[in-house]
Amino acid sequence: MKQLSIIIPMYNVEPYVERCLRSLENQNIPKDDYEIICINDGSPDNSKEVVRMLQGEFGNITLLDQENMGVSVARNNGTDKAVGAYLLFIDPDDYVYPECFSQVLTMANSRKAQVSFLGYSILGENGELNKLVFNEENSGVTHTGINAYYLSRGEAVADPDRMWAVLFERNFLCKHDLRYLQDVPYLEDGELIARILCLAERCIFDGRPFYKRTIRPGSATNSGLFHTEKALNGFLLAAVNLKQFQRKEKLTD
């Protein structure tokens, strides 16, 4: 079994995806130990061609094609294809620090972590450093998912309800059928991470640098989608799903 599966949805990210993939290849574990699954979500640009070019250079990249169905479906399809012991969701306009896979996998294995919150940097539009979040104060202790939910948010944390810079044990997600809810076009990460952390019993914080988060004007987060009817319907769908999840799992308030 491979140690790690990396899931990357792609839509109109041609200028960024090569940087992302090369950062994932510049690592300190054997290429045979991990796979990179790129899902082309019906992108009209040449993102797919960039991946095909890199497939000729690296043997651990898989390319999946789907009609434009959104990031949630793309990530679910990538998860269904994955075979690694751990899953990592990465946005194609982000990238990771060099030679850091060994440290996070060793830590997750040694602590039998179902969820590992990893350190990250937030970079501005021009690559300037805006924020560092490494959570050193929470490392060294294994937390329940409920505790980790609040610790991961902290004070003034950007994107608190996130799936990026988080390592997941694949068997844990599969056992509980934890997948993205379709037709939630905005803040879809928040709906899923809430369900994950309600069930997780072993969560850790790895306080070392790992992920580089970039901010760009054309991203979904900055698209103005929040105030649309489509987003509103997604919020309602997410709320109903979370209530049904609470009843199914017999969770307390």
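I take buried to mean under 20% relative accessible area, exposed to mean over 50%, and partly exposed to mean in between, with a 1.4 Å probe and protein chains only. I also note that this is a predicted model, in which local features need pLDDT of at least 70, side-chain atom pairs count only at pLDDT 80 or more, and totals for chains, interfaces and linings use all residues. Residues are numbered from 1 along each chain as its sequence is written, and side-chain values use heavy atoms, with hydrogens and water left out.

**Helices H1 and H2**

Next I looked up helix H1 (residues 14-25) and helix H2 (residues 47-55), whose axes come within 8 Å and cross at roughly 30°. The axes are lines fitted to C-alpha atoms over the stretch in contact, and angles run from 0 to 180 degrees between N-to-C directions. Angles under 35 degrees count as roughly parallel, over 145 as roughly antiparallel, 65 to 115 as roughly perpendicular and the rest as oblique, and H1 and H2 are therefore roughly parallel to each other. For the contact (heavy atoms within 4.5 Å), I found that Glu14, Val17, Glu18, Leu21 and Arg22 in H1 meet Ser47, Val50, Val51, Met53 and Leu54 in H2.

**Strand E9**

I turned to strand E9 (residues 203-214), which is mostly covered, since 10 of its 12 residues are buried. Strand E6 (residues 115-123) and E9 pair in the parallel sense over 9 bridges, and here Ser121 stands opposite Lys212 in E9. Strand E5 (residues 95-96) is joined to E9 by 2 bridges, and these two run antiparallel, with Lys212 in E9 as the bridge partner of Tyr95.

**Gly154**

Last, I looked up Gly154, which is in the loop between helix H5 (145-153) and strand E8 (166-169). Gly154 is partly exposed, with a relative accessible area of 47%.

Methods:
Helix = DSSP H or I, 4+ residues; strand = E, 2+ residues; numbered from the N terminus. Pairing = 2+ DSSP bridges.
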